Amino acid sequence: MARTVIFEKTGGPEVLTLVDRPVGAPGPGEIRIRHEAVGLNFIDCYQRSGLYPMELPARLGREAAGVVEAVGDGVTHLKPGDRAAYAAAVTGAYCEEWVMPAAQVCPLPEGISFEEGAAMMLKGMTVEYLFHRTTPLKAGDTVLFHAAAGGVGLIACQWAKSEGITLIGTAGSDAKCQLARAHGADHVINYNTEDFAARVDEITGGTGVDVVMDSVGASTWEGSLACLKPLGMMVSFGSSSGPVPAFTLAALAGKSLKVTRPTLFTHISRSETCQEMARHLFDKVLSGAVTIRIDQRFPLEEVRAAHEALEARKTTGSTVLTV
């Protein structure tokens with residue numbers, strides 16, 4: 001039996017409950033993994049609230065790290081006793097132990113802790129695809145990155161710095177702006193006290209940015225489009241403030257803008273690509289170019305408090321559940 005977080009109806013953090021569930025043995029293409037730490041992400045809140053519908057009762061969590069306990073037939077890249085971490089398309093990581101598909105589970109190098117592994121896989125591979133697979137980026141390009149003091153944002157600040165990309169980061173407080181700057185952002189904007197589009201215009205001398213990377217959604221959409229230079233790319237990869245409002249293609253025509261709505265899970269659907277992306281991320285961390293900042297830790301049984309902090313935007317960096 002393993003302690004497991006479930007919810008039987010959608011709603012606030014109060015719907016999350018901790019139950020004991022049987023684990024079982026892995027089948028073909030599966031592993032059984034015992035978790036040491038589990039990562040939290042805004043997608044978990046979207047699913048719990050019903051914004052992203054799930055069949056109920058349901059489980060949460062797509063990111064964790066631990067030790068492989070058993071492997072099923074056909075699994076060759078992992079063996080019992082291996083340290084491992086993952087971001088997976090299936091949900092259910094909020095637990096002590098479970099059986100899951102092996103394709104997106106990656107061997108975790110010894111130089112990276114379980115907590116770092118749990119905090120970095122979904123967020124770090126998101127940055128990997130944003131900077132290397134969504135639109136061509138090169139040294140000297142300028143990127144506007146919203147929520148730059150969050151788990152994804154702090155990795156993005158460091159990643160950009162390591163590759164000579166100028167990053168303008170936004171955040172909701174002066175303290176969070178200072179945190180983003182400390183992690184490599186070249187410019188920071190408090191979007192609660194400043195007009196970020198006007199500041200971007202000032203910072204870029206009126207030319208705008210090459211790319212906007214936006215996980216905020218509704219509240220930043222129009223301003224983000226205004227920040228782009230002609231032929232610029234708008235990358236919408238989340239909606240923490242609500243879904244992006246409906247728009248017409250004519251709204252893009254003035255500057256011939258491009259828009260995309262990518263997801264990590266499309267990129268990691270092929271195991272070979274997932275493993276390649278993870279190795280790139282691990283190399284960044286092991287080289288010291290990227291440090292994984294974990295500012296909040298909650299025991300598994302305090303998962304409700306963890307969700308409350310995340311939704312209230314009281315968190316910085318990454319948040320993990322300890323198991």
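Q: Which residues make the nonpolar surface patch of about 280 Å²?
A: That patch is made by Phe247, Leu249 and Val259. Keep in mind that this is a predicted model.

Q: Where is Val259 found?
A: Val259 is in strand S14, which covers residues 258–260.

Q: And does Val259 count as buried or partly exposed?
A: Val259 counts as partly exposed, because its relative accessibility is 33% and buried would mean under 20%.

Q: Okay, new topic: helices. How do the axes of H2 and H3 cross?
A: Helix H2 spans residues 114–132 and helix H3 spans residues 151–162. Their axes come within 9 Å and cross at roughly 45°.

Q: What do we call that, parallel or oblique?
A: H2 and H3 are oblique to each other, because an angle has to be under 35 degrees to count as roughly parallel.

Q: Is the crossing of H2 and H3 left-handed or right-handed?
A: The crossing of H2 and H3 is right-handed.

Q: Let's switch to charges. How many salt bridges does the structure hold?
A: The structure holds 20 salt bridges. As background, side chains of opposite charge can pair when their charged atoms come close.

Q: Which residue does Glu69 form a salt bridge with?
A: Glu69 pairs with Arg34, and the closest N and O atoms are 3.5 Å apart. Glu69 lies in strand S5 (residues 63–71) and Arg34 in strand S3 (residues 30–39), so this pair ties together parts that are 35 residues apart in sequence.

Q: Are Glu69 and Arg34 buried or partly exposed?
A: Glu69 is partly exposed, with a relative accessible area of 30%. Arg34 is partly exposed as well, at 31%.

Q: What about Asp82: which side chain does it meet in a salt bridge?
A: The side chain of Asp82 meets that of Lys79, at 2.9 Å from N to O. Asp82 is buried, because its relative accessible area is 15% and the cut-off for buried is under 20%.

Q: And which partner does Arg293 have?
A: Arg293 meets Asp295 in a salt bridge, with 2.8 Å from N to O. Arg293 counts as partly exposed at 34% relative accessibility, and Asp295 is partly exposed too, at 29%.

Notes:
Residues are numbered from 1 along each chain as its sequence is written. This is a predicted model: local features need pLDDT of at least 70, side-chain atom pairs count only at pLDDT 80 or more; totals for chains, interfaces and linings use all residues. Side-chain values use heavy atoms; hydrogens and water are left out. Patches are made of residues with over 30% relative accessible area and no salt bridge: like charges are joined within 9 Å, nonpolar side chains (Val, Leu, Ile, Met, Phe, Trp, Tyr) within 5 Å. Accessible areas come from the Shrake-Rupley method with a 1.4 Å probe; for residues, only the protein chains shown count as cover. A salt bridge is a side-chain nitrogen of Lys or Arg within 4 Å of a carboxyl oxygen of Asp or Glu. Helices (H or I, at least four residues) and strands (E, at least two) are DSSP runs, numbered from the N terminus. Buried means under 20% relative accessible area, exposed over 50%, partly exposed in between (1.4 Å probe, protein chains only). Axes are lines fitted to C-alpha atoms, for helices over the stretch in contact, and angles run from 0 to 180 degrees between N-to-C directions. Angles under 35 degrees count as roughly parallel, over 145 as roughly antiparallel, 65 to 115 as roughly perpendicular and the rest as oblique. A crossing is left-handed if the near helix is turned anticlockwise from the far one by less than a right angle, and right-handed if clockwise.
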